[in-house]
Amino acid sequence: VITYEDSLGQTKKKWFGTGLNAVRANRKEANRIKEEKLEEFKQIYKFADNKKSTMLFADFITDWLERVKPNLQISTYSSYAMQVKEIANYFRIKKIKLLDLQPLDIANFYAYLQKQGKSVQKCEHLHVNIRKCLQSAVKANLIPYNPADRIDRPKSPIHISQFYTKEELEKFFACLDDDNYAYIYKMTAYYGLRRSEMVGIKWDSIDFKKNTITLKHSVVQTRLNGKSVTVAKDRLKNSSSFRTLPLIPEIKEILLELKKKQERNMEIYGKQYCHK
């Protein structure tokens, strides 16, 4: 039992179990546990007078998201906002303070989510934000350690991708003769492009003389403030996403024909018909 005074000068007691058998317990082992718990308590107790340390974890993680917002892309912030809202809603009901948050509280949250039918991958994504948030609290000297580091991180099962065979692609391409979006399907298949990369390709990304296509733009659809918005970005998520690929002869032919068609439409319909 540790007896101490709180910030109001009131005497408090905190109990810790040793987990040792009362009859067989080794006094030396009990003393070791006592010293360990006492030192841990001292580390926590020194943070108790800080108002930010004693605020609800739900409030802290909500504030944290707004602090890091300027460093996030719009689509990333939108994704984080939905995740943080779900985290905050759960912990607000629990009324757990930032300083009182324990590893078991976080583990119980993931167990709750999975009972609600949420996937392990969902828990993994939420864990990333919880850990980042708590790490910022450690750096700000608001908590002594990061409780998210003291549990096993949720891990999704290994994903085994499935691919079209050459024969399947040839069969698929044979069905595209009259499809206006045939070039999109073929470019995606040949280059293995993400949807955001395919939609983000502009004419200035294609060099018909050097026969290259450079992926440097992306377009994503996300939700922001409850509304669906389309976000065009001139910087990709990471350096490996920015890449230059050879312009395959078949794709080059398709794109040149598409460019001629758009130029003809521009002559007929004017600037209101404009494709980048």
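Predicted model: local features only at pLDDT ≥ 70, side-chain atom pairs only at ≥ 80, totals over all residues.
Author: Local features need pLDDT of at least 70 and side-chain atom pairs 80 or more, while totals for chains, interfaces and linings use all residues. Residues are numbered from 1 along each chain as its sequence is written, and side-chain values use heavy atoms, without hydrogens or water.

Reader: Why is α7 called roughly antiparallel to α9?

Author: Helices here are DSSP runs of H or I, at least four residues, numbered from the N terminus. The axes of α7 (residues 182-191) and α9 (residues 249-269) cross at roughly 150 degrees and come within 11 Å. Axes are lines fitted to C-alpha atoms over the stretch in contact, with angles from 0 to 180 degrees between N-to-C directions. Angles over 145 degrees count as roughly antiparallel, so α7 is roughly antiparallel to α9.

Reader: What makes the contact between them?

Author: Contact means heavy atoms within 4.5 Å. Y183, K186, M187, Y190 and Y191 of α7 meet E250, I251, I254, L255 and L258 of α9.

Reader: How do you know that β3 and β4 pair?

Author: Strands are DSSP runs of E, at least two residues. Pairing takes at least two bridges found by DSSP. β3 and β4 (residues 212-215) have 2 bridges, in the antiparallel sense, so they pair. D207 has T212 as its bridge partner in β4.

Reader: What makes a nonpolar core?

Author: Buried Ala, Val, Leu, Ile, Met, Phe, Trp, Tyr and Cys residues, joined through side-chain atoms within 4.5 Å. Buried means under 20% relative accessible area (1.4 Å probe, protein chains only). The largest core has 33 residues, with F57 among those with the most contacts inside it.

Note on methods: Buried < 20%, exposed > 50% of the residue type's maximum accessible area, 1.4 Å probe, protein only. Parallel < 35°, antiparallel > 145°, perpendicular 65-115°, else oblique.
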